[in-house]
Amino acid sequence: MRNINIYLKWTLFMLLTVIVPVVKAHALCLQQKNKEGEVILDAKPANKSALFKEGEEISYKLSIKNTYNEKQEGKFSYVVTSDDGKKIFENTTDFSVGAGSSKSLNVKVAPKGAGFYHINFMFNLSTYDDTVRKVFGVNPKAITSVLHKPDDFDQFWQETRQQLSKVSPQYKVIFRPDLSTKYKKVYSVEMKSYENLLIRGWLVIPTDGSKFPVHYRVPGYVVELKPNMDNDDYIAFDINVRGNGNSKDVVHINTDNYSTTNIQDKDKYIYRGVYMDCLRGLDFLYSHANLGIDTSKIFVEGGSQGGALAVVTAGLDKRVKVLTMQVPLYADIRDNYSISASYKEQVVPFKMFRQYKNRHPEFSWEQFYATFDYYDPQNFAPMVKCPVLMGIGLLDQFCPPRCSMALFNHLSSTNKEFVCVPNSTHEVDFNYFMFQNLWVREKFRIP
Amino acid sequence: MKKLILSCLCILVFIGINPYRSFASWPIGKYRDIVIPSMFLYHQTDRFDRDGHRIKGDPGTGFTSYSANLYVGYGISRRLDLIASVPYVYTQNKFANGDKITNQGLGDLYMGLSYNLVNFNYVRYLSVQVSGIAPLYNRSLELGLGNYGAELKLMYCGNLPKSIASKGYFNTEVAYRRYFDVQGPDQLSFSGTVGYPISHHDQLSLELLFFRSFSSNKAFNPNINNARDYAFFKPSLNYGHQFTRRFSTFIGGYYTPFGKNTGVGYGGSVLAIIKI
């Protein structure tokens, strides 16, 4: 009897401590297994570039893959808005996709006028909610914007250039054997720029040849440029404008405040000197042909703030023969303001401008434009006559595509192209740079 | 011989477009020009019979061809290139009795358009080329088949996967050529090339060419310019040196280890690539 009791106790103990938990765990596991999974969504525009012609039907193909072990049911909606957040069209339908299966949908949107539009595809399903956000463009070459060019704009920049010309550059070209290689000689370059400020740059000269075209790179927003060792066929000159990289001796400002430094005074605004730093870099290149610089083949390039600096440089100085830029910051600043007002979370550049305004309630947007209209890259665009290549990312919030295209359409150059990268935010892709390389070679007839 | 010349040209010529990685099927590029003067040597003494057995040539016999070729390529657009080549050929056919026949003159004009169908991130390219062939000589001179012809070629080239060779390149071509004569021939070829830079200015490449010419005329002809029904496999090794960005030279050698109804050919080539 005692043995039986022991046996029963032992069985009960095992049941409570091992078997029940195992069974429970198994049941939980099964339950979780049903819940584990996802709905994989993909939306592809009918045109790979997501750019459509005026009057062309806009369509997307959606692929929906359900990896759950249960059917997903609910609603599918899509909303089309303008790039400044105004709702244009909305549609909602019932939607279901079987367990472990796939489905595809074709979404058509009525033709729209020239511009960029946001289209959000939303799935609210049994156990899965998600939104796929895309942007498409319609006839971007027809996008227009108003130029708010001050009457004395040209005079302002003429005077600024005159002031720069009075500054003795005092160039220093310092060979850096520690950074040089068998095939590239690296030089640290110093020069005095606007307001007698010292700025620096990096010059990289291939050893394999005697005369080279120049790839002149201007920097992004408070980004340090370093020696560009990537190209065998160009002399690479990378300038760090004041406050960037190794040009922080006097101007050393953090990213939150850089773009608003002296914003209240057009004469003292930081970018007056920054723009002149870029021209001083050109002065340097032109005065050093003895280093193998082919001054008839200088192309200026930049991305983001660098894009703005590049277009300003090419606008103010005809010594630039070819311009390439990606996602140019600050372009069409007034439309950028309107578009950025619709963002849930502020981003560069209006994040800084709005922060500044919040800290200085007395500072009005009118005052902001009274300064910035002298610096909006768009106002320099009509002065650009050389061949231009521009790359934009359709999902870019920093430089909304509409603003970049407005700038592009104001360029006077008759030889201009743009490349649109549909799934990029504030950047372009590898493919763009491969094309840019071929494009510049084509313009300069480089073998 | 013409085919061999063209084969070598197609391989070697394009190595020079970019001595480190590009040749053959890379688009020339809008407004770009390439001029390639070249010299080719082909010699055979022995031959392969119809079953592929090697037949020793009689003492004193042999066929030799020297050719000077001028190739010009022009980039009409980013995708479309115009190409043309004209050879000047000198041939000598020696017989056992001591007789020899020599001929010389312009060979077949080869002219066509190459179109880049797809580029894969500007790293790999798929292109098609349509060309015409026109004899520039009196048929009796045997400097070619003496017939007009046409060729359709599909080309795929690009960088080798980094897992195989980080700076290497490849080129593959499939071509069909038809001569407009009752005896044809119809010609099919497949070539595959891999190249690799061995220094900043030098490169080596290996090409394997499979060639088949079909015709109702099965006769063996030691003069490969005139042969109609034959096949061969020909590997060639090439070395290129870049003097400047616009001027490169190349030297190559080849041998025919396997063939049917054709000569056991070997030879070499020297050419210069001038990019304007």
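The second largest pocket is lined by 27 residues, and those nearest its centre are His118(A), Asn120(A), Arg133(A), Tyr343(A) and Gln397(A). A pocket here is an open set of points on a 1 Å grid over the protein atoms alone, where a 1.4 Å probe fits, with protein on both sides within 12 Å along at least five of seven lines; lining residues have an atom within 4 Å of a point. This is a predicted model, in which local features need pLDDT of at least 70 and side-chain atom pairs pLDDT 80 or more, while totals for chains, interfaces and linings use all residues. Residues are numbered from 1 along each chain as its sequence is written, chains are lettered from A, and side-chain values use heavy atoms, without hydrogens and water.

The volume of this second largest pocket is about 700 Å³, taken as the space filled by probe spheres set on grid points joined across faces, edges and corners. Its lining comprises 11 nonpolar, nine polar and seven charged residues, with Asp, Glu, Lys and Arg as charged, Ala, Val, Leu, Ile, Met, Phe, Trp, Tyr, Cys and Pro as nonpolar, and the others, Gly among them, as polar. The strands below each supply at least two lining residues.

| Strand | Residues |
|---|---|
| β4(A) | 72-82 |
| β7(A) | 115-125 |
| β8(A) | 129-138 |

β7(A) contributes the most, with four residues.

Chain A holds 10 helices and 17 strands, which are DSSP runs numbered from the N terminus (helices H or I, at least four residues; strands E, at least two). The C-alpha trace of chain A spans about 110 × 60 × 55 Å along its principal axes. Of the 447 residues in chain A, 51% are buried (under 20% relative accessible area, 1.4 Å probe, protein chains only).

Notes. Buried means under 20% relative accessible area, exposed over 50%, partly exposed in between (1.4 Å probe, protein chains only).
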